[in-house]
Amino acid sequence: MAASPSLALALALIVLGGSNQAPEPKREQAAANAGLPRFEGASSPLDPATRERIKGSSWHPGCPVGLDDLRFLRLTYWGFDRQAHWGRLVVHKSVAGPVLEAMRALYRHRFPIRRMRLVDAYGADDHRSMDADNTSAFNCRFIAGQPGVWSQHAYGKAIDVNPIENPYVTGSGFVSPPAGSPFADRSRGAAGMIHRGDPTVRGFAAIGWGWGGRWSWPKDYQHFSANGH
């Protein structure tokens with residue numbers, strides 16, 4: 001899967017779904033001219049197969065958004081193996097374009113992402129997805145520990161990036177996922193970690209999204225959202 005994705009496939013998504021594709025910055029064009037795979041990303045309404053896949057999994061009746069409110073993003077991301085890979089996200093239609101812009105910024109700075117699959121690949125189980133170090137967005141669920149309170153993920157307006165390298169940490173020292181314990185020490189500089197003011201934080205800040213690493217406590221270093229919560 002470590003191959004430069006074809007522009008034809010991205011264009012096909014646009015034709016099929018009334019998609020929007022983020023404009024390409026000059027810096028990225030220069031990288032393409034130098035032989036590096038450039039960012040590609042497209043947004044489209046959920047196709048029938050994706051609708052069926054997420055029904056009863058990441059989406060169910062009673063969710064605060066309908067299926068028509070969601071968009072399927074197919075985009076390239078930079079892997080830990082220093083190769084370009086195709087990834088998939090589902091987000092709210094109102095943030096599809098901005099999210100593509102933020103992910104373009106991460107790609108341009110070669111920020112490594114472990115994997116990017118729909119949370120449905122893990123039965124819409126947030127813990128299983130985090131344990132796999134999976135970067136994901138939409139998931140119709142409540143905030144952990146707050147039954148009845150919808151997470152921003154339930155609106156398709158939040159993304160968790162590299163959960164192991166960027167875990168959820170409480171003031172008492174609880175870390176989730178467990179494999180993220182070594183990364184609770186944010187003085188580390190390991191690949192895939194997110195730090196205050198770095199290109200990843202700036203990329204999401206540029207579209208108006210807040211970072212959970214700025215919270216007082218708990219800290220949610222993997223979490224970016226449209227409203228900062």
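## Overall architecture

Buried residues make up 50% of the 229 residues in the chain, where buried means under 20% relative accessible area, exposed means over 50%, and partly exposed lies in between (1.4 Å probe, protein chains only). The model is a predicted one, so local features need pLDDT of at least 70 and side-chain atom pairs count only at pLDDT 80 or more, whereas totals for chains, interfaces and linings use all residues. Residues are numbered from 1 along each chain as its sequence is written, and side-chain values use heavy atoms, with hydrogens and water left out.

The chain has 6 helices and 11 strands; these are DSSP runs numbered from the N terminus, with helices (H or I) of at least four residues and strands (E) of at least two. Of the contacts in the chain with a separation of 6 or more, 58% are accounted for by residues 24 or more positions apart, a contact being heavy atoms within 4.5 Å. The accessible surface of the chain comes to about 10,100 Å², and carbon and sulfur atoms hold 55% of that area. Accessible areas come from the Shrake-Rupley method with a 1.4 Å probe, and for residues only the protein chains shown count as cover.

## The E8-E7-E10 sheet

Three strands form an open sheet in the order E8-E7-E10, with antiparallel pairing. Its edge strands are E8 and E10, each of which pairs on one side only. Two strands are taken to pair if DSSP finds at least two bridges between them, and E7 and E10 are joined in the antiparallel sense over 2 bridges. Tyr168 stands opposite Asp220 in E10. In general, strands of a sheet pair through backbone hydrogen bonds, either parallel or antiparallel.

## The largest pocket

The largest pocket has a volume of about 550 Å³. Pockets are found on a 1 Å grid over the protein atoms alone, as open sets of points with protein on both sides within 12 Å along at least five of seven lines; a cavity, by contrast, is a set of points where a 1.4 Å probe fits but cannot get out, and lining residues have an atom within 4 Å of a point. Grid points are joined across faces, edges and corners, and the volume is the space filled by probe spheres set on the points.

The lining of the largest pocket comprises 23 residues, of which Arg141, Ile143, Ala144, Tyr168 and Asp220 lie nearest the pocket centre. H5, E4 and strand E5 (146-150) are the elements that give two or more residues to this lining; the largest share, 3 residues, comes from H5. By class, the lining divides into 9 nonpolar, 10 polar and 4 charged residues. Here Ala, Val, Leu, Ile, Met, Phe, Trp, Tyr, Cys and Pro count as nonpolar, Asp, Glu, Lys and Arg as charged, and the others, Gly among them, as polar.

Arg141 is located in the loop between H5 and strand E4 (142-143) and is buried, with a relative accessible area of 18%. Not counting residues up to four places away in sequence, Arg141 touches Asp126, Trp150, Ser151, His153, Ala154 and Asp160. Asp126 lies in helix H5 and counts as buried at 19% relative accessibility. With neighbours within four places in sequence left aside, Asp126 is in contact with Asn139, Arg141 and Asp160. Asp126 and Ala144 are 18 residues apart in sequence and 9.6 Å apart in space, C-alpha to C-alpha.

Thr50 is found in helix H3 (residues 48-54) and counts as buried at 9% relative accessibility. Beyond residues up to four places away in sequence, Thr50 touches Phe72 and Leu118.

## Backbone geometry

Most residues other than glycine have a negative phi, and most peptide bonds are trans. The peptide bond from Ser176 to Pro177 is cis, with omega near 0°; Pro177 lies in the loop between strand E8 (175-176) and helix H6 (199-205). The bond from Trp217 to Pro218 is likewise cis, with omega near -5°, and Pro218 is placed in the loop between strand E9 (210-211) and strand E10 (219-220).

Arg110, although not a glycine, has a positive phi of about 55°. This residue sits in the loop between helix H4 (96-108) and helix H5 (126-131) and is partly exposed, with a relative accessible area of 23%. Asn162, also not a glycine, has a positive phi of about 45°. Asn162 lies in the loop between strand E6 (158-160) and strand E7 (168-169) and counts as buried, at 0% relative accessibility.
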